[in-house]
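Please look at the sequence and the structure before reading on.

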Amino acid sequence: MRSIAHKVEQYVSESPFLTEGIATGLLNLSELARQMRPRLESEMWKPVGQAAVVMALRRISERLPQHGLSQPIVLAPRLGELTTRADLTISTFRLSDGSTECQRHLLALAEPHDGAFVSVTRGVHEMLVVCSGTLLHLVEQSFSEERLLARVECLTALTLRLNPETRKTPGVYHAVLRKLAWDKIAVVNMMCTFSELTILLEQSQAGAAFSVLSKIVGHEVQGRLT
């Protein structure tokens, strides 16, 4: 059975809000420990002392980065960093021996469609296809013999162009996702390239997400101009 310290660390790591609150010193550790105790006792099947929980929280706070702030988000060296693309569909297929050929067939069919979007990601057990709604019939044609596991339609993609140096910045993606989480914006999926971070969301949340990410762009641009 895991120790109290391990359990407390697990709870804290599950919530970026707790992590930030502890790191910045905004949370009362004694009160937080009091609220954690019932859950700890329920899962550990034994009484848990508040002092032990407070001690575990203090040790966690000492290991967190100073001030608890994420590294700044460094955008690419040009203006207009945020772009959008609407009417996207995600299709997830079970990976099979024929998946690679299906991918080749889809990309060949999609090539003449200028301006349309298609992206294929191969996982360990699944293949993810993101495409413009106008190309969905091509996906169905190319993967007709494959097992469809899930499909989500009517999505919007927001893309941030990042400076390639961000690969050396711990927590840069977390910083973006945390800003969205604060506004209760759910991310359906994410795609990353060397210098781009693309976030897929339900259309109903695209406006709010655009507002949040625009502040990142606006802050970065303002910093360059001052």
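Accessible areas come from the Shrake-Rupley method with a 1.4 Å probe, and for residues only the protein chains shown count as cover. On that basis the protein exposes about 13,100 Å², of which carbon and sulfur atoms supply 53%. The model is predicted, so local features need pLDDT of at least 70 and side-chain atom pairs count only at pLDDT 80 or more, while totals for chains, interfaces and linings use all residues. Residues are numbered from 1 along each chain as its sequence is written, and side-chain values use heavy atoms, with hydrogens and water left out.

**Overall make-up**

- The protein has eight helices and six strands; helices (H or I, at least four residues) and strands (E, at least two) are DSSP runs, numbered from the N terminus.
- Read from the N terminus, the order of elements is α-α-α-α-β-α-β-β-α-β-α-β-β-α.
- Of the 226 residues, 37% count as buried (buried is under 20% relative accessible area, exposed over 50%, partly exposed in between, with a 1.4 Å probe and protein chains only).
- Taking contacts (heavy atoms within 4.5 Å) between residues at least 6 apart in sequence, 73% join residues at least 24 apart.

**Helix 1 with helix 3**

- Helix 1 (residues 4–13) and helix 3 (residues 29–44) pack at an angle of about 120 degrees, and their axes are 11 Å apart.
- Axes are lines fitted to C-alpha atoms, for helices over the stretch in contact, and angles run from 0 to 180 degrees between N-to-C directions.
- Helix 1 and helix 3 are therefore oblique to each other (under 35 degrees is roughly parallel, over 145 roughly antiparallel, 65 to 115 roughly perpendicular, and the rest oblique).
- Helix 1 contributes Ile4, Lys7, Val8, Tyr11 and Val12 to this contact, and helix 3 contributes Met36, Arg39, Leu40, Glu43 and Met44.

**Helix 1 with helix 4**

- Helix 1 also packs with helix 4 (residues 50–63), at an angle of about 55 degrees and with axes 9 Å apart.
- That makes helix 1 oblique to helix 4.
- The contact involves Ile4, Ala5, Val8, Glu9 and Val12 of helix 1, and Ala52, Val53, Ala56, Leu57, Ile60 and Arg63 of helix 4.

**His113**

- His113 lies in the loop between helix 5 (99–110) and strand 2 (118–122).
- His113 counts as partly exposed because its relative accessibility is 35%.
- Leaving aside neighbours within four places in sequence, His113 is in contact with Leu135 and Leu138.
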